[in-house]
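Here is a friendly note to read with the model open beside you. Take the points one at a time, and find each residue on screen as you go.

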Amino acid sequence: MIEFMHHVQLAMPMNGEDRARAFYVDVLGFEEVEKPAILKDRGGVWFTRAAIDLHLGVEEPFIPSKKAHPAFGVASLDEAIQHLQNRKVAYRRDIDLPTIRRIYIDDPFENRIELLELLR
């Protein structure tokens, strides 16, 4: 029945668009995508990178997602960690799995994000 994933949506508080841009564009390297005009009044911001479409939508009252999260693959977890350290972004290590090394970071709204490297 399901053929592909179209996008992932995370919640953010009202008026958080500039903080979202600073994190998702400047730290994680996404590009902003203009929202359709019919949806702009709802607030939020959309991003894309590689084959990933990420939407941040305004939710009031806002509650960050501490458990549910997207997991983004990176070519080198060590390089990703260095990139985060250079930008003073805190990260948490987790238990590596047999084919995955991973860490967690929080976006500016305390939503959990996993960064992982597939081991070959």
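1. **Terms and ground rules.** Helices (H or I, at least four residues) and strands (E, at least two) are DSSP runs, numbered from the N terminus. This is a predicted model, in which local features need pLDDT of at least 70 and side-chain atom pairs count only at pLDDT 80 or more, while totals for chains, interfaces and linings use all residues. Residues are numbered from 1 along each chain as its sequence is written, and side-chain values use heavy atoms, with hydrogens and water left out.

2. **The overall fold.** The chain contains two helices and eight strands. Going along the sequence, their order is β-α-β-β-β-β-α-β-β-β. The radius of gyration (taken over C-alpha atoms) is 15 Å, close to the 14 Å that the globule rule gives for 120 residues, so the chain is as compact as a globular protein of that length. That rule is 2.2 Å times the number of residues to the power 0.38. Along the principal axes, the C-alpha atoms fill a box of roughly 45 × 40 × 25 Å.

3. **Inside and outside.** A residue is called buried under 20% relative accessible area, exposed over 50%, and partly exposed in between (1.4 Å probe, protein chains only). Of the 120 residues in the chain, 38% are buried. The chain exposes about 7900 Å², and carbon and sulfur atoms supply 54% of that area. Accessible areas come from the Shrake-Rupley method with a 1.4 Å probe; for residues, only the protein chains shown count as cover.

4. Contact means heavy atoms within 4.5 Å. Among the contacts in the chain with a separation of 6 or more, 51% are between residues 24 or more positions apart. As for charge, Lys and Arg count as positive and Asp and Glu as negative, with His and the chain ends not counted. There are 16 positive and 20 negative side chains, and the centres of the two sets lie 4 Å apart. The place of each charge is taken as NZ of Lys, CZ of Arg, CG of Asp or CD of Glu.

5. **Glu117.** A polar atom of its side chain lies 3.0 Å from the backbone nitrogen of Leu77. For a polar contact, the two N or O atoms must be within 3.5 Å; within protein, one must be able to donate a hydrogen and the other to accept it, and residues adjacent in sequence count only if both atoms are side-chain atoms. Leaving aside neighbours within four places in sequence, Glu117 touches several residues, including Val74, Asp78, Thr99 and Arg101.

6. **Glu17.** Now look at helix α1 (residues 17-27), where you will find Glu17. Glu17 is buried because its relative accessibility is 14%. Which residues does Glu17 contact, leaving aside its neighbours within four places in sequence? They are Met12, Gly43, Gly44, Val45 and Val58. Glu17 and Leu56 are 39 residues apart along the chain, with their C-alpha atoms separated by 8.5 Å.

7. **Gly57.** Strand β4 holds Gly57, which is buried at 12% relative accessibility. Leaving aside neighbours within four places in sequence, its contacts are Gln9, Leu10, Ala11, Met12 and Gly44. From Gly57 to Arg42 the C-alpha distance is 7.7 Å, across 15 residues in sequence.

8. **Backbone details to check.** Most residues other than glycine have a negative phi, and most peptide bonds are trans. Asn15, in the loop between β1 (8-12) and α1, has a positive phi near 65 degrees and is exposed at 68% relative accessibility. Glu110, in the loop between β7 (100-106) and β8, has a positive phi of about 70 degrees and is partly exposed at 42%. The peptide bond from Glu60 to Pro61 is cis, with omega near 0 degrees, and Pro61 sits in the loop between β4 (52-58) and β5 (71-73).

9. **Pro64.** Pro64 also belongs to the loop between β4 and β5, and is partly exposed at 24% relative accessibility. Beyond its neighbours within four places in sequence, Pro64 is in contact with Phe109, Glu110 and Asn111.
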